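Biologist: I would like to go through this model term by term. Please tie each label to its value.

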Amino acid sequence: MFPRPIEQSSRAARISYQVMLPLALILWLLPLIGVAITSVKPASDLAAGNYFGLPSSLAFSNYAEVFTQSPIGQYIFNSFKVTIPTVIGTLVLSCLTGFALGIYRFRGNIWIFFMFVAGNFVPFQILMVPVRDMTVNLGLYNTTTGLVLFHVAFQTGFCTLFMGNFIRALPRELIEAARVEGVTEIRIFWYVVLPLMRPAIAALSVLIFTFIWNDYFWATVLTTSKETQPVTAGLYSLNGQWIAQWQLVSAGAIVAALPPVAMFFLMQRHFIAGLTLGAVK
Amino acid sequence: MRGAGMSGPARPVPLGNEPPEGIVSEQRRAARMSLANTETQRRTWWRENQQRLTPYIFLIPGVLFFLVYVIIPIFESFWLSGFDWDGLGEKQWIGFANYQELFDDDAFYTSLKNNVLWLVLYMFAVPAGLGIAIFLNQKVRLIRAYKSLFFFPFVISQVVVGLIFAWFYAPNFGLFYLLLEWATGSGIAVLADPDLVTYGIIAAGLWPQIAYCMILYLTGLNAVDPEQIEAARLDAAKGFKMLWYVILPQLRPATFMAVVVTVIGALRSFDLVSIMTDGGPFGSSRVLSFYMYEQALSEYGYRMGYGAAIAVILFLIMMVFISGFIWKMVDDERRGL
């Protein structure tokens, strides 16, 4: 283990490490802590110049106000309407592509894989004008469906890379044995491979959920009204309306951040497994 | 070679030679015999070829989607960059005029310069992530919770990160402003200062990026071979030497990933610029991705062709990096197979 385990060091080193940990954490999360405190400050505190320091009373009413005075509830609902279908669509497509690329050797396999990987890295801006134009022509501009279709297509790139690698690592003998038994390929996919892919599916669903929930660029490009905009784009316009009302901006920001944060803490292991794919050989 | 080719051992046994499998299959065969001749042929053909055809059938939906929404638009953007187009009316072919205009455009150079700044300074996330990972790679009580909380900034949206840092920097009451005032006597409104604004935004971007690199390195450190470390310790290697000669070589996959995601993150920097400054003050915090959006879709008028030209430049910059990354990945893939 590197560095040398702290238990093997002197008592003084151990104690100072235990003291440094929380201090470093507070320092690291200082901006976030500041915003969290601001979000429960009564407006009067801010007016009186109590910007930094504890709130005079806990004003959870800021949160209530955010929900009653702004369409943030609608924005959050829109975010779910974009995120959940995208997760499902991407998983379906990438299970199929991952299976095809991970199990079979055929001409062009590596090039198709390469296409998915490369496409995954391109800057969004090179896609913006054509994708927006296409979405307009399909009559899907300013709808959550338009946003979902694009996200599904784009995320399929990353997910195929992930699924392909995962399936490749499965024991080949299972598939060979099934084939000798005369099981059809489609049944092999459904009854042999798919059940083994559960960990990959779990990891990808949390990752894609977070990515799509946090997407801002496509939300601003493909949607414009509060009936369709996800919460990231919504926060941008609310930020414009709430000039200098930092208690509301802070509360809104925290509300918008909650779903992916909850997802992360509930499914931490899968999340990190997905994110660090390739970090270990 | 993984026996999935036509001549591989796993090829399904042709119908005629099917070994007796018991009553059920006996019945099935009888049923099959009674079917129309063509039907039988089709089934046989499918049975014989399914291993060759299945991958293509499985690939069709995903590849189609990806081509339509990702691959083809890349080429379309190249093509559109030769037009003068407002997104609605007639397109007018103007050849390379957009690029000519671009190379005389001060705002383009500002954006390009800022992109370079982003790329260079963002790289700080890699060593910083490694540093925090080493700091946290212990087995003390609650360490798992600490690791998750350190990772926290990556989970929240860049829009929220932008708002948090806008508040952090806010003149007269932001935490950073107050700390600076307390330490030096006068605060600085970072986001209103054309010379500092980009640095301020990059610092905000580094926050989640360091967290990302940290988690990559934590995973990497977990997999470092303990025997090599013990052997090196017996040779009295420690501290920085140990890190440089023993640990880092083993962390190469993590470092590669960290560099890839950091370069891509730096070139994709759109959200923070849009949220924190909208490119201002006086356009001094623009980056190419933001300038492109501004030209193509802003209240200044829709200049799709010009926007596409900016996107092409950004794409070409990214291509330099991507081709390097892909080259390494394909190389690994080939050797791994």
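Biologist: What percentage of the 337 residues in chain B is buried?

Modeller: Buried residues make up 52% of chain B. Keep in mind that this is a predicted model. By secondary structure, chain B has 15 helices and two strands.

Biologist: What makes up the largest nonpolar core?

Modeller: That core has 205 residues. Leu127(A), Met128(A), Trp218(A), Phe151(B) and Ile247(B) have the most contacts inside it. Helix 9 of chain B, residues 197-222, gives the largest share, 16 residues.

Biologist: Why is this core said to lie between domain 1 and domain 2 of chain B?

Modeller: Because domain 1 (17-64) and domain 2 (98-336) both give residues to the core. The C-alpha centres of these two domains of chain B lie 53 Å apart.

Biologist: What does Met128(A) contact, leaving aside neighbours within four places in sequence?

Modeller: In chain A, Met128(A) is in contact with Phe217(A), Trp218(A) and Val221(A). In chain B, its contacts are Met292(B), Tyr293(B), Ala296(B) and Leu297(B).

Biologist: On to the rings. How many aromatic pairs are there over all chains?

Modeller: There are 51.

Biologist: Why is the pair of Phe80(A) and Phe209(A) called tilted?

Modeller: The ring centres are 6.4 Å apart, and the limit for a pair is 6.5 Å. The planes meet at 50°. Stacked needs under 30 degrees and edge-to-face needs over 60.

Biologist: Are Phe80(A) and Phe209(A) buried, partly exposed or exposed?

Modeller: Phe209(A) has 7% relative accessibility. Buried means under 20%, so Phe209(A) counts as buried. Phe80(A) has 31%. That value falls between the 20% and 50% limits, so Phe80(A) counts as partly exposed.

Biologist: What makes Phe264(A) and Phe271(A) an edge-to-face pair?

Modeller: The angle between their planes is 75°, and edge-to-face needs over 60. Centre to centre, the rings are 5.1 Å apart. Both Phe264(A) and Phe271(A) are buried.

Biologist: What does Ile272(A) touch, not counting residues up to four places away in sequence?

Modeller: Ile272(A) touches Phe264(A), Ile215(B) and Thr219(B). Ile272(A) itself lies in helix 15 (residues 268-275) of chain A.

Biologist: How do you know that Arg268(B) lies over the face of Phe124(A)?

Modeller: One test is distance: Arg268(B) is at 4.4 Å from the ring centre, and the limit is 6 Å. Arg303(B) likewise lies over the face of Tyr306(B), at 4.2 Å from the ring centre. Phe124(A) also belongs to a cluster linked by ring pairs, whose members include Trp218(A), Tyr69(B) and Tyr293(B).

Biologist: How many disulfides does a search of the whole structure find?

Modeller: Zero, over all chains. Take Cys95(A): the nearest cysteine sulfur, that of Cys159(A), is 9.0 Å away. A disulfide needs sulfur atoms within 2.5 Å, so Cys95(A) is in none.

Biologist: Are Cys95(A) and Cys159(A) buried or exposed?

Modeller: Cys95(A) is buried, with a relative accessible area of 6%. Cys159(A) is at 0% and counts as buried.

Biologist: What kind of peptide bond joins Gly280(B) and Pro281(B)?

Modeller: A cis bond, with omega about -10°. Pro281(B) lies in the loop between helix 13 (271-276) and helix 14 (288-297) of chain B. For background, most peptide bonds are trans.

Biologist: Why is Phe282(B) called exposed?

Modeller: Its relative accessible area is 79%. Exposed means over 50%, so Phe282(B) qualifies. Phe282(B) lies in the loop between helix 13 and helix 14 of chain B. Its phi is near 55°, a positive value in a residue other than glycine.

Terms used. Residues numbered from 1 in each chain as written. Chains lettered and ligands numbered in written order. Predicted model: local features only at pLDDT ≥ 70, side-chain atom pairs only at ≥ 80, totals over all residues. Heavy atoms only, no water. Core = buried A, V, L, I, M, F, W, Y, C linked by side-chain atoms within 4.5 Å. Buried < 20%, exposed > 50% of the residue type's maximum accessible area, 1.4 Å probe, protein only. Helix = DSSP H or I, 4+ residues; strand = E, 2+ residues; numbered from the N terminus. Domains from an automatic or database assignment. Contact = heavy atoms within 4.5 Å. Phe/Tyr/Trp six-rings, centres within 6.5 Å; stacked < 30°, edge-to-face > 60°. Lys NZ or Arg CZ within 6 Å of the ring centre and 35° of its normal.
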